[in-house]
Structure formats: structure tokens, C-alpha cells
Amino acid sequence: MIRIVSRVEPSPFRENLLRLAAVGCALAASAAIMAIIGYNPLDVYAKMIAGSLKTAYRFHETVNKAIPLVILSLGIAIAFRMKFWNIGAEGQFYLGAFGASLVAFAFPGLPAIILLPFMLVTAFAFGGAYALVPAVLKARFSASETLVTLMLNYVALKWISFLQYGPWKDPAAKGFPKIAPFSKDAILPNFLGIHVGWVIAVALAAIMYFVLKKSKLGYEIDVLGESEATARYAGMSVTRVTLIAILLSGGLCGVAGMVQASAIEHSLSEQLSGGLGFTAVITTWLARLSPPVIIVVSFLFAVLLQGGAFLQSSLGMPATVADIIQGIIIFFVLGSEFFVRYRFAFVKAGHTAREGRA
């Protein structure tokens, strides 16, 4: 008979080897599917890499897609380390963008050196406050944070849609439903050819690595994630740690919204995210909640997104092909987690019977 047995302590080398093998199997499976539908897999992969990295412009576009993924993933990682399943990054992203836009439209005359930090802080506050709603509901009424954060995504999106089609609709747009653009001082400047959001993303990754690995708060978050009873026994304030962690989680997602609205869209729009908040949940999980690895995984996913868009123009392929490749990779990598933690053991039927009588 075959039994599933837990591995005692899988080594980091073995874990990484299994994950790399899973990615290799995913690419092979994707190649088989592409061959079946009539495309040359090697040509497709070459076009994806060329479409995302070959020229300076394409590389910049790839980095532009990676920046919000990194910041969103950092925010989600904080909550996940505490076993608070924050699926509401999309909504917190939009609330952060809304807060930044509120400041940009209210104070258009402020110089950039004052206006941009003001927008950043406001975005953090709005995103963090929105994340606190499910945290309070869970603490007070034991509500499922997964369901509440997921539903709040749609509330936030409908709020932005209401503004875009209603009170914030630009009169100068000749009836087209759009929000007026920001002033030039509300737009993040470029640094080394890419908007300065990449500096913000790298700095936040370094800060969060220190907070999660070296600080007392990071230790408390990890202990609380392992066992609330242990945290209380150790004298930790569970409520305080939870509220601070969730405020940081939602606040970082809000900062991602500000960066995207200011640097890319130069305004607020219901199409601002394009589902990045949901994609970030995947990148966070695949990165094992590690800030340095989040940067790498987010960039690789950005290569998939940018390369997939390039396939449409170069090979005439549907955009869904890139989604299929992405989905297959996720499926195989998540499946590899089973083999990281468990293994199959072959046991004789007689041994199983004796164990049952014992």
C-alpha cells in the first residue's frame, strides 16, 4: 500500500531543487500545449523574452509592471506571516490611489517635494485603514478575513467607478468617463530612465526584510502566526501586534496604488490595477513571504505579463496564452509544495493491519 508520510525537516537545498524542477516541468507542459495548438514552443519562449527584455523600452515596461507587484507582495507577506489571509490587496490598492488622488486634486499648487510625500503618506493611511476593517471584524465578531477582504475589493472598485462616472468625471473629456489628470508636481519623476517607484520598491523591500527578520515586531508577528496561545503566554499583546501588522499590510498596498496612479496613469481610473492585487497574492506565496525573493518572483511574473502582451503583436497569439503559461507554472509550483512537505511510502498490507490492531 502507499501512504503519505511527512518529511521531518526538508533542507533548503532540496526545497529549492524541487521548486526549480516544478518550474521546468511547467515550462515543458506549456510547450506541449503550445505545440498541440500549432505554435513552436521555442519560438514562443524566445519571443516572450525578447518582448520583455531585448530593448531598453521593453525592459522599462517590464520593470514598470514589476514595481507594483513588489510593493503589493510585501504588504500581503506581512499579513500572511501572521496567518491573516489578506486577499484584499486589490481594494487597498485602489483606496491608496484614491487617497493620493484626493491630495493631488486638493493641493495642486504644492511643490513636488511636498506634494509627493503627502500623497504617499495619505495613500498609506487610506490603504491601512481599509485593511483594518476586516481585522476589527475578525477580532470582534470572528468574521472570516478571507471573505471580508475579498468582498471589500469590489466595494473599493465600485467606489472608484462611481467617482469616474460621477462627481470626479472630467468636464474637459467631452463626455468620456475619465478623471482629470494630475498636475505635473503630482507625478513621480524618473530615475535612470524608469520612474522613481523602483527605488521606493527596493527601499521598502530592504525595510521589510529588517522589520520581519531583525525587529521585535517581526518576531511577534511570526510567533502570533504560529500560535496565538503561545503569543499570549509570552506576554504579547495580540490585539496590538495584529492591528500594527494589518495597518502595515494595507498601507503598503495603498502605497502601490499611489505609485501606479502617479507614475503610470497620471490620474485615477477603474482600470488602474488590472488585477495586480490578485496576482500579488500568487507572487507572495511563491516567494515564501521573503522580501528579497519577492523582488525576483515579481520581476519574473512581470516578464510573463510583458512578454505575453508582445506575443499578441509578434505572433498574433491571444493574450490568454500567457495566462495559460502563468497558470500552469503556478499549478506545478504549488503542487511541488506537497513534495516539499510529504513523501510517498510503500508499506506492506500486513504492517498496516498490525498498526490498525495496535
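**Figure 1. Surroundings of Asn64 in the predicted model.** Asn64 touches Ile194, His195, Gln260 and Ile264, with residues up to four places away in sequence not counted. The structure shown here and in the other views is a predicted model. Asn64 lies in helix H3. With a relative accessibility of 14%, Asn64 counts as buried, because the cut-off for buried is under 20% relative accessible area.

**Figure 2. Packing of helix H3 on helix H7.** Helix H3 covers residues 56-81 and helix H7 covers residues 197-214; their axes come within 9 Å and cross at roughly 20°. H3 is therefore roughly parallel to H7, since angles under 35 degrees are classed in this way. The crossing of H3 past H7 is left-handed. On the H3 side, the contact is made by Val63, Ile67, Val70, Ile71, Leu74, Ile78 and Arg81. On the H7 side, Gly197, Trp198, Ile200, Ala201, Leu204, Ala205, Met208, Leu212 and Lys213 take part. Sorted by class, the residues of this contact are 13 nonpolar, one polar and two charged.

**Figure 3. Packing of helix H2 on helix H3.** Helix H2 (residues 41-53) packs on H3 at an angle of about 85°, and the two axes are 5 Å apart. H2 and H3 are therefore roughly perpendicular to each other, as the range for that class is 65 to 115 degrees. From H2, the residues Ala50, Gly51, Ser52 and Leu53 meet Arg58, Phe59 and Thr62 of H3. Three residues of the contact between H2 and H3 are nonpolar, three are polar and one is charged.

**Figure 4. Packing of helix H5 on helix H6.** The axes of helix H5 (residues 112-141) and helix H6 (residues 145-165) cross at roughly 145° and come within 10 Å. H5 passes H6 in a right-handed crossing. H5 contributes Tyr130, Val133, Pro134, Leu137 and Lys138 to the contact. H6 contributes Glu145, Val148, Thr149, Leu152, Val155 and Ala156. By class, this contact of H5 with H6 holds eight nonpolar residues, one polar residue and two charged residues.

**Figure 5. Length and buried residues of helix H6.** At 1.5 Å a residue, the 21 residues of H6 should span 30 Å, and the end C-alpha atoms are 30 Å apart, so the two values agree. The buried residues of H6 are Glu145, Val148, Thr149, Leu152, Asn153, Ala156, Ile160, Ser161, Leu163 and Gln164. These buried residues pack against H4, H5 and H11.

Figure 6. Helix H4 runs over residues 89-106; at 1.5 Å a residue its 18 residues should span 26 Å, which agrees with the 26 Å between its end C-alpha atoms. H4 is mostly covered, with 15 of its 18 residues buried. Tyr94 is found in H4. The relative accessible area of Tyr94 is 2%, so Tyr94 is buried. Leaving aside neighbours within four places in sequence, Tyr94 is in contact with Ala156, Leu157 and Ile160, and also with Ser269, Glu270, Gln271, Leu272, Ser273 and Gly274. Ala156 and Ile160 are among the buried residues of H6. Tyr94 and Leu268 are 174 residues apart along the chain, and their C-alpha atoms are separated by 8.8 Å.

**Figure 7. Two loop residues with positive phi.** Most residues other than glycine have a negative phi. Ser142 has a phi near 60°, a positive value in a residue other than glycine. Ser142 is placed in the loop between H5 and H6 and, at 64% relative accessibility, counts as exposed. Arg288 also has a positive phi, near 60°, and is not glycine either. The place of Arg288 is in the loop between helix H11 (276-286) and helix H12 (291-314). With a relative accessible area of 32%, Arg288 is partly exposed.

**Figure 8. Phe13 in helix H1.** Phe13 is found in helix H1, which covers residues 12-36. At 63% relative accessibility, Phe13 counts as exposed, because the cut-off for exposed is over 50%. The C-alpha atoms of Phe13 and Asn153 are separated by 38 Å, and the two residues are 140 residues apart along the chain. Asn153 is one of the buried residues of H6.

Conventions
Residues are numbered from 1 along each chain as its sequence is written. This is a predicted model: local features need pLDDT of at least 70, side-chain atom pairs count only at pLDDT 80 or more; totals for chains, interfaces and linings use all residues. Side-chain values use heavy atoms; hydrogens and water are left out. Axes are lines fitted to C-alpha atoms, for helices over the stretch in contact, and angles run from 0 to 180 degrees between N-to-C directions. Helices (H or I, at least four residues) and strands (E, at least two) are DSSP runs, numbered from the N terminus. A crossing is left-handed if the near helix is turned anticlockwise from the far one by less than a right angle, and right-handed if clockwise. Contact means heavy atoms within 4.5 Å. Ala, Val, Leu, Ile, Met, Phe, Trp, Tyr, Cys and Pro count as nonpolar, Asp, Glu, Lys and Arg as charged, and the others, Gly among them, as polar. The expected span of a helix is 1.5 Å times one less than its number of residues. Buried means under 20% relative accessible area, exposed over 50%, partly exposed in between (1.4 Å probe, protein chains only). Angles under 35 degrees count as roughly parallel, over 145 as roughly antiparallel, 65 to 115 as roughly perpendicular and the rest as oblique.
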